[in-house]
Amino acid sequence: MLFRQLQYIVALSQEGHFGRAAERCHVSQPSLSSAVKQLEYALGVRIVMRGRRFLGFTPEGERVVEWAKRVTAQRDAMMVELSKMRNNLEGRIRIGAMPNSSPVLPLLSKALIERYPGIDVDIKFLGMEEMRLQLNNFALDVGLTYMDDESLSDLNSLPFYVERLSLLVPEDSEWAELDEITWENAAELPLCLLDKSMHERRIIDEAFAKAERTPAAVVTTSDSILNSMFHVMYAGLVTIVPSHFAHFPGRFPGTKAVRLVEPKIERGVGLVWSPTEPTMPMATIIVNIAKALRTDGGMEKRLAGPLDSELKVVMPNHHNADEKLRAL
């Protein structure tokens, strides 16, 4: 069995097409197909269901795919560790993130690149289910997401910051005279909100429900918080954003953030990564970077804003990674 055969299997599982998998692996389609057949012969099982095109994997093939992903991920981790030992760390850090963390990600990227100039940072914006799937399949090194989701409870985690919500309003509107507003009153304003299918929208709807209100959005956007903010800037609407979006002076001219109260919504955000042993080197690297940012005051300085430093760093109170983090 050759390592490249396992790489071909992983590529085929990701592309679902022999031609695209071959292109991804920089080989011809006949070469990839022949290598897969050789692997089937070596293992004594049929891996791929074939017809005139790729039809999927057999049950045995699905297991081979899972092991191939593990083996290739461990090989990549070995190469990263060896490059680190040579004081020439190279490779790619793969981060899955929720859209609400957009203003925080540059802080992580900057610290990573400054410390390890030989690495690439690959960021994908994903929902929680897809993030969990890719972490388990070793397609991601870490995720940055809400900490209170039960589906992530079996992953290692490190709290990073607390997200609170603000109402973003045009600064020339009557609402800009306020320092805070209740969710009950905010429900009566001309809102631009994310689509109901988005996890972030569900958080907002739950807050309105606690205030016994069901707002009717004037405009609904499919997946972009920035699009909602542009509607505040240019259409005179209001929207609800994480406070740290509004804490960057000059980024969204003509707007003002107003604190949302009654209820006060807080969500812990942190890093999550696979609990497999040994911990993947890239996950170790970014977790250490995040720990340093929390302890040296970098998060407070970057995320503090006009709303009484609405975001505060979560101090070490993480639940299932204490022992592992001490060993990183």
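Trainee: Is Asp154 buried, exposed or partly exposed?
Mentor: This is a predicted model, and all values here are computed from it. The relative accessible area of Asp154 is 42%. Buried needs under 20%, and exposed needs over 50%. By those cut-offs, Asp154 is partly exposed.

Trainee: Which residue forms a salt bridge with Asp154?
Mentor: The closest N and O atoms of the pair are 2.6 Å apart. The partner of Asp154 is Arg132.

Trainee: How many residues apart in sequence are the parts that Arg132 and Asp154 tie together?
Mentor: Arg132 lies in helix H6 (residues 128-136). Asp154 lies in the loop between strand S5 (142-146) and S6. So the pair ties together parts whose separation in sequence is 22 residues.

Trainee: What is the relative accessible area of Arg132?
Mentor: Buried would need a value under 20%. Arg132 counts as partly exposed. Its relative accessible area is 23%.

Trainee: Where is the salt-bridge partner of Arg213, in which helix?
Mentor: Arg213 forms a salt bridge with Glu184, with closest N and O atoms 2.7 Å apart. The pair links distant parts of the chain, 29 residues apart. Arg213 sits in the loop between H8 and S9. Glu184 is in helix H7 (residues 183-186).

Trainee: What are the relative accessible areas of Arg213 and Glu184?
Mentor: Arg213 is partly exposed. Glu184 is partly exposed too. Arg213 has 30%, and Glu184 has 36%.

Trainee: Which residues do salt bridges that share partners join into one network?
Mentor: By the salt-bridge rule, the count comes to 14. Shared partners build one network. Its members are Glu15, Arg20 and Arg24.

Trainee: Which helix holds both Arg63 and Glu66?
Mentor: Their side chains meet in a salt bridge, 2.5 Å from N to O. Residues three or four places apart in an α-helix point the same way, because a turn takes 3.6 residues. Arg63 and Glu66 are three residues apart, about one turn. Both lie in helix H4 (residues 59-85).

Trainee: What relative accessible areas do Arg63 and Glu66 have?
Mentor: Arg63 is partly exposed. Glu66 is partly exposed as well. The value for Arg63 is 43%, and for Glu66 it is 36%.

Trainee: Is Asn100 buried or exposed?
Mentor: Asn100 lies in the loop between strand S3 (91-97) and helix H5 (105-115). Its relative accessibility is 2%. The cut-off is under 20%, so Asn100 counts as buried.

Trainee: Why do the buried residues of H9 line one face of the helix?
Mentor: In helix H9 (residues 225-235), Ile225, Ser228, Met229, Val232 and Met233 are buried. Seen down the axis of H9, they line one face because they fall within an arc of 145°.

Trainee: Which residue follows H9, and what is its phi?
Mentor: The residue after H9 is Gly236. Its phi is positive, near 75°.

Trainee: What phi values do His26 and Glu212 have?
Mentor: His26 is in the loop between helix H2 (18-24) and helix H3 (29-43), exposed at 73%. Glu212 is in the loop between helix H8 (199-210) and S9, exposed at 68%. Neither is a glycine, yet phi is positive: about 60° for His26, and near 60° for Glu212.

Trainee: Is the peptide bond from Glu262 to Pro263 cis or trans?
Mentor: Pro263 is in the loop between S11 and strand S12 (266-273). Omega is near 5°, and the bond is cis.

Note on methods: Residues are numbered from 1 along each chain as its sequence is written. This is a predicted model: local features need pLDDT of at least 70, side-chain atom pairs count only at pLDDT 80 or more; totals for chains, interfaces and linings use all residues. Side-chain values use heavy atoms; hydrogens and water are left out. Buried means under 20% relative accessible area, exposed over 50%, partly exposed in between (1.4 Å probe, protein chains only). Helices (H or I, at least four residues) and strands (E, at least two) are DSSP runs, numbered from the N terminus. The arc is that of the directions from the helix axis to the C-beta atoms. A salt bridge is a side-chain nitrogen of Lys or Arg within 4 Å of a carboxyl oxygen of Asp or Glu.
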